[in-house]
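Me: Got a model here that I'd like to walk through with you. Can you take my questions as they come?

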Amino acid sequence: MTILFWTLTILATIIDIGVIYALHRRRAHIGMWCYTLFALLTDIVVRVIPYITIIGERQPLIPVFCTYILLLTAPCKIMLAVGWFIDYRRKTACRYWLTGAICVGLTYIMIMVVGAIYPIRSIRVQHLEFQYRNLPEAFDGIKIGFFTDIHLGSLTAAERILQQMADSLNAAECLFAINGGDLINIRNSELTPKYTELLGAIDMPVYSVVGNHDLGYYRKDTLEYTVAQSTADFKKAIDALGWIRLDNDSQWIHHEGDSIMITGVEFNRTIADNRHKRDVGGINIDSLLSGVPPETFHIAVSHIPQYWKQIAATSGGDLTLAGHTHAMQFKILGWSPAALLYDWWSGTYKANDKILYVSEGVGFAGIPVRLGTPPQIAIITLRKCI
């Protein structure tokens, strides 16, 4: 990712130099100086600000600011570069290229605005049905609610979305619900009394795992309040909600004389740098699931989907639930840039009799925009087949 970042930085700088030169050659001095300021903002300021620590608690907001600028200016730069190239090849002025850049930029901005407004209207409920031979008779037809990646600190229209989520889970009469991690975005204070009340309205047992944003290392670490203390406080908040934490351990779920098992794969700080890689390592899945009896129907919950291949290779993991990817908050015609990073990034995947479901999540990470991927939760019905 570092190589890609600096490659794009160098490419953007070359484009800017070319455009500035083209404007200078055409004696468009006002345009040249305006674009020079624009280039300084996008190519220098955006890359320097993240390293300035003097801004204190507002530091985590800087990547959001930088991402906005880069996304909103990228199409303008592309059009300007194309226009400069045409201008250079024709050795004459191409009068429309600057106008085209402005029009494309405005269109892109409108798309981003739609992507910011549309997702706050309502939450999408996906109804899924999975069939298993080893499902106990008593669990045939039961429903499971699955939600993940709420990111409370950056969730727009949070009260409305949380209310809809709780109402949808309760209306489905799920036997239990599962939280796939990333309940908060930066710090524990995002879990306000009002949000706690809304989450507490989920009227069923809730099993919960920890996501990367829950660990507190996105906030500024201090001697007075360390990342370790932030993580401990977050887990206390989950306990106060009455949710059942699955920190690399398993629980039996009993229903009408039969039982199934659920195991949570805890996200830990040691794998944070690999969270967007196909091979994250860091956890011995074989050891974690070694206690799952072969004949037992088993649910594995992992915040990140990259562990599925290892989970499916064990005796457990009949159903694996994950989140984390958000489908990169952009999906068109069934494709997302997330496909470039992850083998499994959205929807249902199958291998033999094992199933993985990856939710695109509820909230926002980075920027409050979702294009083609509205906030979603899943209602999963389990069926016994012969």
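**Core and loop chat**

Me: Let's start inside. What is Ile150 in contact with, leaving aside neighbours within four places in sequence?
Reply: This is a predicted model, to be clear. In it, Ile150 is in contact with Leu155, Leu162, Met165, Gly181, Asp182, Leu183, Leu199, Val362, Gly363 and Phe364, once neighbours within four places in sequence are set aside.

Me: And which residues touch the most other members in the largest nonpolar core?
Reply: Phe147, Ile150, Met165 and Leu199 do, in a core of 50 residues. At least two core residues each come from α5 (158–171), α6 (193–200), α7 (227–241), β7 (258–265), α8 (285–288) and β12 (376–384).

Me: Which element gives the largest share?
Reply: α5, with six residues. There's another core apart from that one, with 27 residues, including Leu135, Ile260, Ile262 and Phe297.

Me: Switching topic: where does Ser336 lie?
Reply: In the loop between β9 (319–322) and β10 (347–351).

Me: What does the Ser336 side chain reach?
Reply: The backbone oxygen of Phe330, at 3.0 Å. Not counting residues up to four places away in sequence, Ser336 touches Ala327, Met328, Phe330, Lys331 and Trp345.

Me: Zooming out, how many helices and strands are there?
Reply: Nine helices and 12 strands. Of the protein's 386 residues, 49% are buried.

Me: What about the accessible surface?
Reply: About 19000 Å², with 62% of that belonging to carbon and sulfur atoms.

Terms used:
Residues are numbered from 1 along each chain as its sequence is written. This is a predicted model: local features need pLDDT of at least 70, side-chain atom pairs count only at pLDDT 80 or more; totals for chains, interfaces and linings use all residues. Side-chain values use heavy atoms; hydrogens and water are left out. Helices (H or I, at least four residues) and strands (E, at least two) are DSSP runs, numbered from the N terminus. A polar contact is a pair of N or O atoms within 3.5 Å; within protein, one must be able to donate a hydrogen and the other to accept it, and residues adjacent in sequence count only if both atoms are side-chain atoms. Contact means heavy atoms within 4.5 Å. Buried means under 20% relative accessible area, exposed over 50%, partly exposed in between (1.4 Å probe, protein chains only). Accessible areas come from the Shrake-Rupley method with a 1.4 Å probe; for residues, only the protein chains shown count as cover. A nonpolar core is a set of buried Ala, Val, Leu, Ile, Met, Phe, Trp, Tyr and Cys residues joined through side-chain atoms within 4.5 Å.
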